[in-house]
Amino acid sequence: MSRLVVASIGPASSVQDGGRYGAQRYGLTVSGAMDRLSLAAANTLVGNEPFAAAVEIGPFGASFTARDGAVRLAISGAPRNADVAGSPVAMDSSVTLKDGQTLTLGFARGGAFTYLAIEGAIKGEKVFGSLAVNARAGLGSPYPRPLQAGDEFTVDAASGAEELRIELPKPATGPIRVLLGPQDDEFDDANKALFLDSEWKISATSDRMGYRLEGPAIKHLHGHNIVSDGTVNGSIQVPGNGAPIALMMDRGTSGGYPKIATVITADIGRLAQTSAGTAFRFKAVSMAEAQDEARKFAQAIRSLPDRLRSSDIVALNIEALSDANVAGYAVSAVDAGTWQVTAEP
Amino acid sequence: MAATLPPPRLLPSGDSAVTVEFSRTIDDDANQRVLALDKALTAAPIDGITETVPTYRSLLVHYDPGKIGFDALGEKILPIATRPLPPVTKARRWRIPVAYGGEHGIDLEDVAKTLGTTPDDIVIRHSGGDYKVAMIGFTPGWSYLSGLDKFLHLSRRQSPRLLTPAGTISIGGVQAGIQCLAAPSGWHLLGRTPVRTYQLHRDPTFLTEPGDRVTFYAIDHKTFEDMDRAAEAGEIVAEQVDA
């Protein structure tokens, strides 16, 4: 066995997996990765089950050191600079740390959560079938709380398998898709239109429990008290102050504010990876479209192993290129090491 | 053959869950229908359902849209949901100690002021109630109770508090609650109980079940401290009696 030591880590970082299902009837929060596709991609790169336990790293930097042997890792999710002993590590690829080597990750350059999967997965004591951290309920293993510097995982020694990268499906762009309901009849047409037609931003006070949305105040038809009923990942509830809250993985299993809409399964990870302050919109879709997208999303996760590629070709820093292009610069992709940035006229 | 009951509303909760709603308000008959449907779906599972969550007036049914679509699921649920109710079985009753007011119930005085009465009157009315656990939700062990004195019905706070203490005994709208863990809440905090409705390494992990009866009694703050220590050590400290 090797060890992986958390040399440094920021807040909002914890062990997460596919989540803790089956006890919502007792109020047990599901938890689990905010961006399931990225969790699955990282796990697939090191040969784990897609929803095995991995480290969910919040927006700040982090570093991890191998001890007592080599450790094979993979990263996917919010793009950031990554290196081992000065050599860059591309997103969506695996890398093996030799004993004593450190993987250093910078701040997220867009998005919030990056997943660090470990070959053989994180080991611990499952509660209700999951290692996912739910700090409020004191659940999660090996640490029932966000990670801190000095924490360590006992992990499998690296297998020596060839390093891989994964070509992920092109992420959807455009509005975050929702299904109206279950309580859209608690809002009149004007307020439903206000919800669907307005630009929203995610408040900096958001967390794994809920993303608070900044925009126009949404008014209720009959007041903001309803009889508490069940919630799901992506429920958008509107409390008395009119500022909607999208409920995320650490949500309460029930809530007493009217829920105007629900983010579709395929777009929850996209919402989770929307940075605080970035403007976005919602779009209502039909049940048929939402369920079709949910099936495609599940299929995309199942077919991740088909997207693995050998990583021994030139690794371009695609994210950095893309960021620079989005920012209005044309970038030469020819030389990944010394690429040139030229301002467009 | 007995007549069927009126059909519930089937409200989409996203693409992977449906809210089977029997009533818009708190209604004991609706709650019994929720619990009966929940039992029926446990006894004879429908392929594709992954989890059910009973609440006051609706059953949230989680399902896998890869296995069954919204319409097909609704067609299977409706005949079960409209069956006549089975006879009511005997419930158990929990007597729950509460330290009211002061640091443990920071909203007690404001609630009394808003309702034009004294804190003592609020305590008498709240502890005099005969409650039923209608559902458990939000956070582990948070027991939502029906049976709150109409005089105590009070709109929730405009803006929820980001953190309220473990063991909080509170009221919100027409509901009363026993909260187990520290959590955000928009309810009015009347007191705290040392009883843990959820404790991980205790048997049972979850104390209350939907359908249980509950009464409260007042304890002083010193008794709270003693019982809290005992509860922390794994004692149940709530008294169970036959309803």
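**Chat about a predicted two-chain model**

Me: How much of chain A is buried?
Reply: Of the 345 residues in chain A, 52% are buried, meaning that 20 or more other C-beta atoms, placed from the backbone, lie within 10 Å of the residue's own. Residues are numbered from 1 along each chain as its sequence is written, with chains lettered from A and ligands numbered from 1 in the order in which they are written.

Me: What does the predictor give the complex for ipTM and pTM?
Reply: The ipTM is 0.89 and the pTM is 0.86. For chain B, the mean pLDDT is 93, and 99% of its residues reach 70 or more.

Me: Back to A. How many helices and strands?
Reply: Chain A has five helices and 24 strands. These are DSSP runs numbered from the N terminus: helices are H or I with at least four residues, strands E with at least two.

Me: And why call chain A as compact as a globular protein of that length?
Reply: Its radius of gyration is 21 Å, close to the 20 Å from the globule rule for 345 residues, so chain A is as compact as a globular protein of that length. The radius is taken over C-alpha atoms, and the rule is 2.2 Å times the number of residues to the power 0.38.

Me: What order do the strands take in the open sheet of six?
Reply: E7-E6-E9-E4-E1-E11 in chain A, with antiparallel pairing; strands pair if DSSP finds at least two bridges between them. E7 (87–88) and E11 (152–155) of chain A each have a single partner strand, so one side of each is left without a neighbour in the sheet.

Me: What stands opposite A:Asp83?
Reply: A:Pro88, in E7(A). Two bridges join E6 (residues 82–84) of chain A to E7(A).

Me: New topic: how many residues of chain A are in contact with chain B?
Reply: 39, against 47 residues of chain B; contact means C-beta atoms, placed from the backbone, within 7 Å. Helix H4(A) gives the largest share of chain A's side, six residues.

Me: Which residues does A:Ile118 contact, leaving aside neighbours within four places in sequence?
Reply: Among them are A:Leu4, A:Val46, A:Phe153 and A:Val155.

Notes
Predicted model: local features only at pLDDT ≥ 70, side-chain atom pairs only at ≥ 80, totals over all residues. Contact = placed C-beta atoms within 7 Å. Buried ≥ 20, exposed ≤ 12 C-beta atoms within 10 Å, placed from the backbone. pLDDT = per-residue confidence, 0-100.
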